There are 2 protein chains.
Amino acid sequence: MATIKEIADRLGISISTVSKGLNGASDISEDLRQTVLDTAVEMGYATKKSKKVENRKLAVFIENMEYGTPDQFGYDIVLGFRQNAFRHSWDVTVIPAPPALQSEEKYDTYLLKNGFCGAFLVGFALQDEWMRQLKTTTMPTVLFDNYIKKNPNVCYVGTDNYGGIDAAVEHLYTLGHKKIAFLNGSLHSMVSEERQEAYYASMKEHGLEISEELTAYGHYVADSARYHVPAFLNAGATAIICGNDLIASGVIAECRQRGLRVPEDISVVGFDDIPLAASLVPPLTTIRQERNELGKCAYVALDSLIHHIPFCRTQIRAKLIERKSTSRYEPPRG
Amino acid sequence: MATIKEIADRLGISISTVSKGLNGASDISEDLRQTVLDTAVEMGYATKKSKKVENRKLAVFIENMEYGTPDQFGYDIVLGFRQNAFRHSWDVTVIPAPPALQSEEKYDTYLLKNGFCGAFLVGFALQDEWMRQLKTTTMPTVLFDNYIKKNPNVCYVGTDNYGGIDAAVEHLYTLGHKKIAFLNGSLHSMVSEERQEAYYASMKEHGLEISEELTAYGHYVADSARYHVPAFLNAGATAIICGNDLIASGVIAECRQRGLRVPEDISVVGFDDIPLAASLVPPLTTIRQERNELGKCAYVALDSLIHHIPFCRTQIRAKLIERKSTSRYEPPRG
C-alpha cells in the first residue's frame, strides 16, 4: 500500500498538497484533487475515511476478460470505476465470476448476502448464467457492452460505435479510398451489429458503394483474417476496417504473406487501441475505446441507478488514433 | 422563498429532520435527504451554502418549449436538473433563448462572459443558430433529444425510444392486435427516426406484418390525425401508436367523428404522458417520458463532461402507462 509521500513523489507535488487532495480541502483545484484521488486509487492507497465506510459497497464482477496488468483490456476499465467510486466514498470489491460461481449462487442473492448495493459487470457473454438473471434482477446493475431489454434496474455502458466507425470511414475517405472493406467481430453480438449498421450508414453518407463482398463477420481473433482477406482483395479493397486490434494484426500479417505492403498497398484500421496496437509493425491506426473513462462512466451510471434515475444506455465518444497503418490511396500505374 | 418550516409541513416531517437533510447530516437516510433537497429546490428554498457558491454556475437554456407551470412539458425537466445540481452545490440559472438572443451573441461567448461552466439546452431545433454552433463548441454542453456528431464536448440525453415503442407494440400485441399503425412525429427528427426504426424492429420481432399503409409521419400536433387516420382505417388498422400525446388526442377525436369508439373499435397509444393524457376521454394509455429523471440525468451527464468523461449519449427508460384507450381486439362478428 502506497504512502502519501509516494503519491507526492509520483505526481511531483508536495505532501501537503496530496493531503489536501485526499481530504477535500477547498484551496486546491478540482482537477488537481481528482488527479490526487485517481493516483491514490491506482497506487493502492486507502484513506482512513474509506476504511470507515459502511454499507457503501459496490462490486465489480469480471469474466472472460484479462484485467490484472496495465497492458490488458480490462485493467483501465476496472481502475476508472474504482477511481470514480473512491471519490464518492464507495468501497469497491473486484470479484472474478467464473461459471462455477455463477451456477453456485444466484446473482441477486450473492449481492444481498455480501452487502453490495449494486454491481458493474464486465466481459460477460450472453450464455453466462448471471446474464440470464439480469432480465429480472432487482439490484442496480451496470453492464459493459450489452443491453438488457425492459429491466429498469440495468444500464448498458459502452463506446459510441456509430461515431467510431464513422471516424474510420471518414479518415479513409479523406485519404482517397473508395473500396473500404469491413471485417467485423462475431455475429450475434450487439456491439458488432451496431458497428455493422454504422459501417453501412457511414459508407452511404460518404457516397461510397456498399458491396456484400466487402463485408464479413469474423470472430474477435487474428485468425479470421486468413479466410476473409483474400476475398476482400479479389473484390478490389484498398482499405480494411477491423472489428478489433487483434483482427487488424491478423489482417496485416495476412497481407504481408501475400506480398502486400501496409500501408502502401493496403490501409488497415483497428478498433479498441489496446496497448499492442502502438507496437505493431506498422503501428496501427485505430479507433480508441477510452477505457478509463468507460469505467468512470459505469460508476456514474450505477450511482444514478442507485438514486432511482433509470439510466438505460450510456455511451462515450470513440476517438480516431492516427498511426502508420493507413496512407493515401495511390491508383495503380500502368 | 420557502422556509424550513414550510418544507417540513409539506413533507410531514420535523423541522430538525429538514435541517439535517439540508446540512448533510449522517443520521438520516440517503433517500430522505434526497427528498428534502428535491423539495427545497422545488419550493424555492436556497440554503446559505448555495448562496456562497462561486464559480459553480450552470445554465439551462430553453427555447420552443413551455416550462413555467407543472402542467407544461419542460417544467419537470428543468426542475430535475436544478434538483440534482443543487445537491452538488451548483448554482443554476434558467435562461430563455429566443432567436434574438442567439443571433446577438455566440453561444460560447455568452457562457464565458457570464461565468457559466457548462449548459443544458432544452427544446432547441435544428435551425436554431446556437445548434449550428454546437458542432464546434468547447463548452461542456448537454442537449435534450438531439445528437451532435464528432464533438466530444456535447452529450445527448433523451428517452429510450426503442424500449418505449417496443413496450407499446408488445402491449397491443398481448391484447390481440395485429394491424398496428404508427403515426409518427415530424420527418427529419432524430427522435422520430429512432421511433420509426423501433416500430419496424418491434413489429418484426412480434411476427407482425409491416405495411407502408400503416405508417406515416405527421407533425407533433393534433391536426395530423385528420389526414392519416382515414388511410389507416381503410388499411384495416385496429390500433394506432402515436408520436406524442397531442397526436393521440387528435386521433381519438378523428375516430369519434367517424363514429368509432375508443377503445372498443380502435385502440390508441400516446407518447410522453403529459399531464393532459390522464384527463383525456378516455384516459390515454401512453409511453411515459420520465421528465424529472431526464433533467437529473442531464445534470449527471453535464457534470461528467465537466470532469472530462466524454459522455456522448445517455438515455433513460421509457415506461408504459396503461389507462383506458386500449383494449382487447375483438374480431368483428359477421
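Visitor: What share of the contacts in chain A with a separation of 6 or more comes from residues 24 or more positions apart?

Guide: In this predicted model, such pairs account for 71% of those contacts in chain A. One example of residues brought together across the sequence is N64(A) and A125(A), which are 61 residues apart along the chain and 7.9 Å apart in space, C-alpha to C-alpha.

Visitor: Which residues does N64(A) contact, leaving aside its neighbours within four places in sequence?

Guide: N64(A) is in contact with G123(A) and A125(A). N64(A) itself lies in the loop between β1 (57-62) and α5 (73-87) of chain A.

Visitor: Why is N64(A) called exposed?

Guide: The term applies when 12 or fewer other C-beta atoms lie within 10 Å. N64(A) has 12 C-beta neighbours inside 10 Å, and therefore counts as exposed.

Visitor: Why is D273(A) called buried?

Guide: Burial requires 20 or more other C-beta atoms within 10 Å. D273(A) has 23, and so is buried. This residue is found in the loop between β9 and α13 of chain A.

Visitor: What is the value of phi at D273(A)?

Guide: Phi of D273(A) is positive, about 60 degrees, although the residue is not a glycine. Most residues other than glycine have a negative phi. H308(A), also not a glycine, has a positive phi near 65 degrees. H308(A) is placed in the loop between α14 (291-306) and β11 (311-316) of chain A.

Visitor: Which residues does the cis peptide bond with omega of about 10 degrees join?

Guide: That bond joins V262(A) and P263(A), and P263(A) is in the loop between α12 (245-257) and β9 (267-272) of chain A. The peptide bond from V281(A) to P282(A) is also cis, with omega near -10 degrees. P282(A) is located in the loop between α13 (276-279) and β10 (285-288) of chain A.

Visitor: How is chain A divided into domains?

Guide: The assignment gives domain 1 (1-43), domain 2 (54-159 + 291-317) and domain 3 (161-289). The centres of domain 1 and domain 3 of chain A are separated by 42 Å.

Visitor: Why are the buried residues of α11(B) placed on the same side of the helix?

Guide: The buried residues of α11 (224-234) of chain B are S224(B), A225(B), H228(B), V229(B) and F232(B). Because they cover an arc of only 110 degrees around the axis, they lie on the same side of α11(B). The face turned away from that side carries the exposed residues Y227(B), P230(B) and N234(B). Among the elements covering the buried residues are β6 (180-184), β7 (215-217), β8 (239-242) and α12 (245-257) of chain B. α11(B) is followed by G236(B), with a positive phi near 95 degrees.

Visitor: Which residues touch the most other members of the largest nonpolar core?

Guide: In this core of 105 residues, they are A298(A), A301(A), A298(B) and A301(B). Beyond its neighbours within four places in sequence, A298(B) is in contact with F81(B), F120(B), V142(B), F144(B) and V157(B).

Visitor: How do you know that the two copies are related as by a two-fold rotation axis?

Guide: Chain B can be laid on chain A with an RMSD of 0.1 Å by a turn of 180 degrees and a shift of 0.0 Å along the axis. The copies are thus related as by a two-fold rotation axis. T314(B) comes closest to this axis among the residues of chain B, at 2.2 Å (C-alpha).

Conventions: Residues are numbered from 1 along each chain as its sequence is written. Chains are lettered from A and ligands numbered from 1 in the order in which they are written. This is a predicted model: local features need pLDDT of at least 70, side-chain atom pairs count only at pLDDT 80 or more; totals for chains, interfaces and linings use all residues. Copies are superposed by least squares on the C-alpha atoms of residues with pLDDT of at least 70 in both. Domain bounds come from an automatic or database domain assignment. A nonpolar core is a set of buried Ala, Val, Leu, Ile, Met, Phe, Trp, Tyr and Cys residues joined through C-beta atoms within 7 Å. Two residues are in contact if their C-beta atoms, placed from the backbone, lie within 7 Å. Helices (H or I, at least four residues) and strands (E, at least two) are DSSP runs, numbered from the N terminus. The arc is that of the directions from the helix axis to the C-beta atoms.
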